[in-house]
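Here is a short briefing on a structure. Look at the sequence and the model first, then read the points below.

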Amino acid sequence: MTMTRRQLVAAIPAAALAANLPRGARAEERKVVTFWFGQANSDGQAALRNDLVEAFNASQDKYLLQMEVKGAAVNNLLKVALVAGNGPDIVQTAGPAYLTAIANAGQVLPLDDFAEKYKWKERFLAPLLNTSVYGGKLYALPRDYESMHLFYNKELFKQNGWKQPTNRQEMEEIADAALAKGIIPFGAGNADWKGVNEWLMTVFLNNVAGPDNVRKALSGELPWTAPPFVEAVELSKAWFNKGYFGKNYFSLTIEQSFLQVVNGKAAMALNGTWSFGTKSYGMSKPDTVMDVMPTPSLGSAFTGSLVHLACGATLSIAKTSQNAEGAAAVFEFMLTRKFYETMNRDWPGKWALPVKDLPPDMLQGIGYPLFEKTIANLHEAFSKGQYGFTTWTFWPGATNSHLIEGIEQVWLNKITPDAYLTRMQTLFSQEAKEGKVPPLPPRTA
Amino acid sequence: MWLFALPALLINICIILVPAVLTFTAAFFMWDGVGKPAWAGLANFQNMAADPVFWSALTNNFIWTAIFLTVPVCIALVMAAALLMAPNARIVVQSIIFLPRIIAVAVTGRIFQGMIFSPATGIVAWLNERGFSISDPLADPDRSLYAVAAVDIWHWWGFLAVVFLSAMRQISVDQIEAARLDGAGFLALFRYVLIPGIRPTLILMLILTVIWSFQVFEFIFIVTRGGPAYGSEVLATFAYRHAFFEGDVGQAAAAACVMSLFGLCATAVYLWLQITDDAQST
């Protein structure tokens with residue numbers, strides 16, 4: 001049979017398409033699973049493409065995972081799409097605080113049947129899995145665990161004879177000594193992300209008032225206007241006004257402020273474990289300049305240091321999904337040893353699944369000792385139930401918005417700490433009444 | 001005539017009237033954006049009135065309106081008159097002053113934030129290194145609104161100047177020449193010939209400025225997100241925060257109704273002026 005030139009030209013795109021299809025199947029035989037992702041830098045996008053999408057599609061021939069990176073507005077897009085019935089199969093939220101409204105509205109499916117089939121309840125760490133349980137039903141899987149930590153420039157510490165601080169007095173001594181030498185005590189800036197305010201307030205509330213008092217407040221047993229929280233807010237204001245966060249907190253981006261620490265212009269940074277996965281922050285692996293530790297106590301409520309329980313993202317299945325089985329298969333793929341290793345190697349800190357049977361010691365050898373050490377500490381602390389509570393995981397929406405926006409008014413002397421906390425209590429009480437407070441994990445793991 | 005207007009009318013009903021009615025209705029409900037709305041009566045308006053941030057946002061909208069009714073309008077009028085008098089420079093100058101208008105808002109915002117105001121990477125940093133003690137105005141709650149307004153004025157005044165110049169070019173050359181022969185200088189010509197000659201265009205732009213000033217969002221959201229400490233918060237950022245960060249769509253809709261109210265008032269004034277003009281000319 002001979003082909004005309006026109007037939008040949010027409011056949012080329014079809015042949016090219018067929019050649020690009022994953023092995024063992026044509027596209028029409030596979031059921032598509034859609035997934036919207038939020039923000040991802042270029043490394044992150046490459047990791048998502050290689051370690052998740054292509055690896056999943058190559059691992060089986062029933063489903064075809066399609067991912068779109070939607071950017072910072074993904075949470076807003078998701079809400080609108082879910083209400084309109086046009087959302088993706090896999091619904092990723094920015095944590096339990098965002099999931100609450102979606103789960104309460106029944107926009108995502110209960111995962112209990114899948115959890116039983118794949119033994120998810122036995123495999124995930126209970127404190128994190130329980131943040132997605134509403135009315136006794138599981139609505140999401142935690143994608144990662146995070147915590148605030150104290151990052152510091154160990155070279156600078158060595159040069160100045162500073163030791164790892166173990167309490168507030170030692171922290172303030174280092175900060176004062178740094179200020180006297182013209183070094184910014186804490187590199188911090190919120191010009192590109194106001195959420196930095198809540199990172200800091202998570203540390204102040206938990207490390208001054210203590211995790212037990214925070215738990216009581218989140219349970220409604222203690223008002224936010226109680227003295228331990230007043231002390232926490234006043235300390236944050238005192239540190240801000242003493243210049244511990246530098247003169248340019250509202251002008252610097254997160255990246256610029258973290259680089260100050262790496263470059264020795266600042267001594268420390270109160271930042272999250274996600275910092276490991278952001279190359280532009282300037283940390284290297286292995287790191288000869290930076291070190292990291294859990295944040296020490298800043299009050300009298302407890303001694304030692306504390307990590308803060310956080311789930312940076314949850315994964316659910318949309319109520320309107322035509323392919324819930326496929327979405328669950330993607331979740332199960334994420335629990336494989338190979339995915340855990342490759343994703344944490346390529347994008348450290350972003351997909352640290354809190355799973356019991358994937359212990360963090362598996363990460364040994366990925367060539368990032370600081371990250372390996374931090375994840376191992378987190379795993380142990382969360383397993384033992386020794387943790388504080390992050391605002392972005394456990395505070396309901398309006399209360400958290402006030403926590404973020406209102407603290408600037410406190411720091412800039414527009415309102416008093418009492419007025420700030422009174423407003424927080426009013427909003428929290430209202431949201432608690434409306435069932436908007438994310439569930440708390442049990443007291444022990 | 002109705003058949004002729006039908007396509008435009010249908011489009012307007014679908015994409016303007018229906019969402020407007022839904023937004024107005026949402027203002028009377030408690031709704032988190034995904035669940036079932038619950039009737040709230042006037043509670044959203046009452047809560048809004050009790051919130052000091054709403055009042056400071058509203059005040060900021062008035063300040064913004066006052067700034068944009070004066071500063072860019074005055075600059076644009078003077079530039080347009082100057083260009084009218086200097087036709088040789090018109091093409092080049094118009095192209096230059098119109099340029100900021102065609103740069104994306106996000107790009108303009110980031111340029112001012114990172115390359116001008118930033119004490120780390122901007123001109124402010126450069127000046128500080130040379131002994132000038134200048135702080136970032138975006139980081140000061142008492143100055144941030146004015147700093148963002150300056151960015152928007154840079155972006156906006158060239159467009160206004162081009163509009164005013166187009167209007168001035170419609171004025172009869174004979175009228176301008178006659179004024180000059182009568183000994184009118186630049187100021188007298190400006191006051192008694194050019195301004196009255198472009199009165200309809202000027203009024204339209206002023207009315208639109210009022211409407212747009214109560215809808216202002218992009219520059220503020222990109223550059224300061226309403227901060228710090230709500231220093232540059234306006235009604236649109238107030239509504240956005242309630243809708244998308246606090247899950248309170250009803251409250252956001254109530255704020256949107258207030259924004260629309262001012263737009264409606266400005267439109268009513270414009271229509272009244274048109275009717276008055278028509279009555280005077282007949």
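Contact means that heavy atoms lie within 4.5 Å. By that rule, 25 residues of chain B are in contact with 25 residues of chain A. This is a predicted model, where local features need pLDDT of at least 70 and side-chain atom pairs count only at pLDDT 80 or more, while totals for chains, interfaces and linings use all residues. Residues are numbered from 1 along each chain as its sequence is written, chains are lettered from A and ligands numbered from 1 in the order in which they are written, and side-chain values use heavy atoms, with hydrogens and water left out.

- The area buried between chain B and chain A is about 2,200 Å². Buried area is the accessible area (1.4 Å probe) that two parts lose on being put together, summed over both.
- Carbon and sulfur atoms give 56% of that area.
- The rule finds two salt bridges across this interface. A salt bridge is a side-chain nitrogen of Lys or Arg within 4 Å of a carboxyl oxygen of Asp or Glu.
- Asp142(B) forms a salt bridge with Lys414(A), and their closest N and O atoms are 2.9 Å apart.
- Helix α12 (residues 235-245) of chain B gives the most to the side of chain B that touches chain A, with four residues. Helices (H or I, at least four residues) are DSSP runs, numbered from the N terminus.

**Asp152(B)**

- Asp152(B) lies in helix α7 (residues 144-168) of chain B.
- Asp152(B) is buried, with a relative accessible area of 12%. Buried means under 20% relative accessible area (1.4 Å probe, protein chains only).
- Not counting residues up to four places away in sequence, Asp152(B) touches Trp64(B), Phe68(B), Val216(B) and Phe219(B).
- The C-alpha atoms of Asp152(B) and Val162(B) are separated by 16 Å, and these residues are 10 apart along the chain.

**Helix α4 of chain A**

- Helix α4 (residues 96-104) of chain A is mostly covered, with seven of its nine residues buried.
- Among the buried residues of α4(A) are Pro96(A), Leu99(A) and Ile102(A).
- Just after α4(A), Gly106(A) takes a positive phi of about 70°.

**Two domains of chain A**

- The domain assignment gives domain 1 (20-142 + 312-353) and domain 2 (148-309 + 387-433) of chain A. Such bounds come from an automatic or database domain assignment.
- The C-alpha centres of these two domains lie 30 Å apart.
- The contact takes 11 residues from domain 1 of chain A and 13 residues from domain 2 of chain A.
- Across this interface the rule finds zero salt bridges.

How values were computed. Helices (H or I, at least four residues) and strands (E, at least two) are DSSP runs, numbered from the N terminus. Buried means under 20% relative accessible area, exposed over 50%, partly exposed in between (1.4 Å probe, protein chains only).
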